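User: I would like to go through this structure term by term. Please set each value against its definition.

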Amino acid sequence: DYEGHPTMCEINMSTKKGGNCHADVTCSDGNKREYDNWGGCAHTVTNNFTDPGIGPFSVTFTKKDDDCRDGLCGPILALADVGDYHAVDVEALSEEAQKNANSATLCKVGCDAPTPESEPNEKNICERTNTFNNEGIRSWKCGMPAIGQNYGPGTLDSQGPINSAGYASGWCGVHVVQYQKKDPAADPAKDPAGLYHLDVAIFDNNQDQIGQVLGAEAPAGKAVPVTSKLPFVLDVTAQNVDADPVSFAYSDQSWAYADVAHHCNFGAYDSGNREGDCGFSC
């Protein structure tokens, strides 16, 4: 369910009568990218592709004929950015998912985080979509993380390439905690109790932290600069009263805390602070 879980992509694989190998990938943009040009649609031949959503990946069919009721089966899926081509045994995971099909603990294909109950089954990320029909078609579906995204605390953590500046470029994130004024009546020019304070953390496209400030004083309308491994400073600005939005500026981008295009999500004040997240191009 990549539509409900934007960190994940859906990968479909199929064969027909022992040949006609096919794969396609769909991520949260909804664009399906199909891969039919296989160098060798044959037993144990590894075919490599590069997809803009999941990066370089490979598919290998490891079983044939009697093991498959005629044809090819036993696909192994591997992504370069997930454990340096960590082997995902699609058939074994599909069988495990089928055993648990009636279980309330099953983590459906493409979910963005495992429940503790589903972790022993490597989070049930794959399922068999066609065992063997009259046309001799076998097919499977897996949910895998998009480049730089994570699937819970397990092995399926996509780590995209790091540039010479030490961060993964693409779509970065910012997490903000805004602390309410300890004394709204205090003169902010003389007493820090009359100021908002901010914790700000910046994450790169791999969701790794690359910059942070803690407890920064935030006078109304004055930007708090946050440096990081990024080439530009991220400015975060609080305003006068609790209802006012927090605003952001990075390079030629600027937005406020309710901006949909920047995927912002801020909560209400609770126990003296509120926090939220936004994304931006980096």
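Analyst: Start with a strand pairing: Trp171 stands opposite Ser281 in E18. This is a predicted model, where local features need pLDDT of at least 70, side-chain atom pairs count only at pLDDT 80 or more, and totals for chains, interfaces and linings use all residues. Residues are numbered from 1 along each chain as its sequence is written, and side-chain values use heavy atoms, with hydrogens and water left out.

User: What makes strand E10 and strand E18 a pair, and how do they run?

Analyst: Two strands pair if DSSP finds at least two bridges between them. Strand E10 (residues 171-179) and strand E18 (residues 273-281) are joined by 9 bridges, so they pair. They run antiparallel.

User: Which residue stands opposite Gly173 in E11, and how many bridges join E10 to E11?

Analyst: Phe203 in E11 stands opposite Gly173. 7 bridges join E10 to strand E11 (residues 196-203), and these strands run antiparallel too.

User: What counts as a strand or a helix here, and how many of each are there?

Analyst: Both are DSSP runs, numbered from the N terminus: helices (H or I) need at least four residues, strands (E) at least two. The protein chain has 1 helix and 18 strands.

User: How many aromatic pairs are there? And why is the pair Phe248 and Phe266 called tilted?

Analyst: Rings of Phe, Tyr and Trp (its six-membered ring) pair if their centres lie within 6.5 Å; planes under 30 degrees apart count as stacked, over 60 as edge-to-face and the rest as tilted. The count by this rule is 12 aromatic pairs. The ring centres of Phe248 and Phe266 are 6.4 Å apart, with planes at 55 degrees, so the pair is tilted. Phe248 lies in strand E15 (residues 247-250) and Phe266 in strand E17 (residues 265-266), so the pair ties together parts 18 residues apart in sequence. One aromatic cluster includes Phe248, Phe266, Trp255 and Tyr257.

User: Are Phe248 and Phe266 buried or exposed?

Analyst: Both are buried (under 20% relative accessible area; exposed is over 50%, partly exposed in between; 1.4 Å probe, protein chains only). Buried residues make up 46% of the 282 residues in the protein chain.

User: What makes a set of residues a nonpolar core, and which members touch the most others in the largest one?

Analyst: A core is a set of buried Ala, Val, Leu, Ile, Met, Phe, Trp, Tyr and Cys residues joined through side-chain atoms within 4.5 Å. The largest has 32 residues, and Phe57 and Leu77 touch the most other members. Strand E1 (8-16) and helix H1 (90-99) are among the elements that each supply at least two residues of this core. A second, separate core has 27 residues, including Ile202 and Val224.
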